Amino acid sequence: MRFIDSTNFERLLKKLSGEGELFVPVLDEDSQKNHFERVEAFPLPEGTNFEGFRAVETLKGFAQLVRSMVARYPTEGMDEMDVEALIPTFVIVGAKACDVRAMQLVDKVQVEGEFTDPFYKARRDKMILIASDCTEAGETCFCNLLGSNPWPENGFDLSISKVDGGYLVETGSDRGKTIVEENSELFTDLREGQEKSRDEVRMKVLAGLKATNKKYPSGEKVTEPLREALSDPLWQDEAARCLECGACTNICPTCYCFLLFDQKDESGEGFKRIMSWDSCQVTGYARMAGMGNPRPRLSDRMKHRLYHKYDYLVLSHGEIFCTGCGRCIDACSASIDMREVFSRVAK
Amino acid sequence: MNNPYYPIDTVLEDVITETPTIKTFCLKPVRPVRFKSGQFMQLTVPGVGEAPFTPSSDPNIAEKMEITILKTGKVTDALHELGPGAKLGLRGPFGKGYPLEKLEGKEVVVVGGGVGLAPMRSLLYGLFDDPSKYKRISIKFGAREPAELCFRGQYNEWVNLSENIDLTTTIDVPHPEWDGKVGLVTTLLDDLDINITDSYALSCGPEIMLKFVTLKLLEVGYKPPQIYLSMNRKMSCGMGKCGRCNVGHYYLCVDGPDMCYDKIKHVPNVFG
Ligand SMILES: Cc1cc2nc3c(=O)[nH]c(=O)nc-3n(C[C@H](O)[C@H](O)[C@H](O)COP(=O)(O)OP(=O)(O)OC[C@H]3O[C@@H](n4cnc5c(N)ncnc54)[C@H](O)[C@@H]3O)c2cc1C
Ligand code: SF4
Ligand code: FES
């Protein structure tokens, strides 16, 4: 671990911005929330904030665009299409533990297995991630219930923790090590007490999370009762409030579902195949020719979302696909809180 | 680059009208596509879209492929308008295909209805490779009316291949040109002369048919592990990435589309 003072950290970012598009969290005064912003020029934008908790935006939008072209027709040249060359490097600074973890989960679907999504993989490979500790937790944060800590433990290139005058920097990949080595003049050794002061903040944030989420069941205690609750009336109850807007799936860092559709291109002769985010909460999502629909009721679809994350993906990919970031709770106009639902399930 | 969203250029060589609403499309992809019977393809009609279909042709032939398709919506309507020479695209094959190894030495009952006969034909071609590997191949086909029984011209050829192959058919309601059995395809399962404990049953057809075939099979003594169903869910990517085709925790496009009933019997709305 090394120390970097705030001025040198900005120098480091300026240097890294030469590698690709640089994004940092900027605090919005009104909402007191962080939003990722692209840095076009230095100094860093006013309000740049590597502290606090996760930004409103997830990282998934960097790896899987809301809409993108994945093929075109006529197909000449597609075989040789150099995806790497098409995709820029992103440097993302200040991503929190829950979001870094979410990308590791989505990687299991989009990269691992018999087929790889080459576009997703290229964007992930070209994502330089500088994660940072949470110095406070939001009201809806519940990463602790998923067995995680509010500081990044792996899945990053570099990770920074705020201490007096600057940051403690940990490396998490070869790329991260190279960045530190190549810029060694910007770093110094740790001073006494710096690690301890980092740990004090970490423990304080964790204690706060535990207090906020005391009354809710931990993620591992949810999967089994869910399997028993398939026909519980609680689903109709909860779904009665849902507005079917799909905000929860759009804002979720691990919701990776998409739709492919073909669009005539500008020339009118060929077409482009577009990949677009999709939401399992809308009626048409699973509807088939002949109008058959395996999840016709809203309660079926709400159930599907939670089962997919807390049961199905545990069976198919070995992990709960929720990191406790709490965005779905913030985003829900009907105030549906996953933690409350799970309290009912696991009662 | 290996881009799984990119379709292989394919030429439509011929179109065979099977029934008033079903046609077989004979395709030639620019490079051979090897598939196992029961695996499916995503077929692109340029500018219209893609839809999943299971080839109905012999899995031993990779240079050409036949797909038998019911006209039922956007992509399939557009396909039915096309003639020889049209340019299409293919992605795949996807999915696991039929568990042929499991069927060896068994009495195999194949139950198909409507356009479900199409994927069943590629299963049959797989079995016909060496019929002696199976104790029995008993084919039960049903359709609404005689004109809707796909591949009727081939039935004789099939049963003549080997002693242990038999085929019976039924239509849903009486028809002036039909002197065979009348009733839903499940009626063909009424007096089965099969040693059920030594048998597997495989079925493909509309969801409602799958449901009643399954209930019937259970009633006559099949256990859930002996029943394989070609399930249907909306699909997009075909390879477990778009999240669309769940049946319980399975992705049909990866773990199916033919699923052992034992694995999915607890899923709510399993038959849609
Ligand atoms: C594994 C598998 C194998 C199949 N094999 C055959 C076959 O051999 N012959 C045949 O006639 N039909 C088959 N089907 C059904 C066929 O895919 C649908 O009839 C077809 O998608 C309808 O497309 P459409 O555009 O005409 O209909 P629309 O209702 O206009 O559908 C629009 C789009 O939704 C999707 N979609 C709609 N219905 C389905 C569905 N049931 N399954 C998957 N995606 C759907 C497709 O992308 C389609 O283009 C199969 C389905 C699956 C899942
Ligand atoms: S869920 Fe945990 S890691 Fe994520 S922002 Fe909140 S406190 Fe930080
Ligand atoms: S079709 Fe995309 S996951 Fe099955």
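Which residue forms a salt bridge with Lys121(A), and how far apart are the closest N and O atoms? Select Asp125(A): it is the salt-bridge partner of Lys121(A), with the closest N and O atoms 2.9 Å apart. A salt bridge here is a side-chain nitrogen of Lys or Arg within 4 Å of a carboxyl oxygen of Asp or Glu.

Before moving on, note that this is a predicted model, where local features need pLDDT of at least 70, side-chain atom pairs count only at pLDDT 80 or more, and totals for chains, interfaces and linings use all residues. Residues are numbered from 1 along each chain as its sequence is written, chains are lettered from A and ligands numbered from 1 in the order in which they are written, and side-chain values use heavy atoms, with hydrogens and water left out.

**Stop 1**

Lys121(A) and Asp125(A) are about one helical turn apart, because they sit 4 residues apart in helix α5 (residues 118–125) of chain A. Helices (H or I, at least four residues) and strands (E, at least two) are DSSP runs, numbered from the N terminus. Lys121(A) is partly exposed at 33% relative accessible area. Asp125(A) is partly exposed too, at 36%. Buried means under 20% relative accessible area, exposed over 50%, and partly exposed in between (1.4 Å probe, protein chains only).

Now select Asp133(A) and Arg202(A). Their side chains meet in a salt bridge of 2.8 Å, N to O. This pair links distant parts of the chain, 69 residues apart: Asp133(A) is in the loop between β6 and β7 of chain A, and Arg202(A) is in helix α7 (residues 194–212) of chain A. Both Asp133(A) and Arg202(A) are buried.

Next, select Glu238(A) and Arg241(A). They form a salt bridge with the closest N and O atoms 3.2 Å apart. Glu238(A) is buried, at 6% relative accessibility. Arg241(A) is partly exposed, at 37%.

For a network, select Glu170(A), Glu195(A), Arg198(A) and Asp199(A); salt bridges link them. Over all chains, the whole structure has 41 salt bridges.

**Stop 1**

Then select Thr140(A), in the loop between β6 (127–132) and β7 (158–163) of chain A. Thr140(A) counts as buried, at 13% relative accessibility. Not counting residues up to four places away in sequence, Thr140(A) touches residues including Arg54(A), Gly324(A), Cys325(A) and Arg339(A). Contact means heavy atoms within 4.5 Å.

**Stop 2: the cores**

A nonpolar core is a set of buried Ala, Val, Leu, Ile, Met, Phe, Trp, Tyr and Cys residues joined through side-chain atoms within 4.5 Å. The largest has 70 residues, and Ile92(A), Tyr256(A) and Tyr222(B) are among those that touch the most other members. Helix α4 (residues 97–110) of chain A gives the largest share, 5 residues. A second, separate core of 33 residues includes Ile22(B) and Tyr228(B).

**Stop 3: where the chains meet**

Show both chains. Here 46 residues of chain A are in contact with 40 residues of chain B. The interface of chain A and chain B has 2 salt bridges. Select Arg273(A) and Glu50(B): their side chains meet in a salt bridge of 3.1 Å, N to O.

**Stop 4: backbone details**

Most residues other than glycine have a negative phi, and most peptide bonds are trans. Select Phe42(A) and Pro43(A): a cis peptide bond joins them, with omega about 5°. From Gly92(B) to Pro93(B) the peptide bond is also cis, with omega near 0°. Pro93(B) lies in strand β6 (residues 87–94) of chain B.

Finish with Ser335(A), whose phi is positive, near 55°. Ser335(A) is exposed, at 53% relative accessibility.
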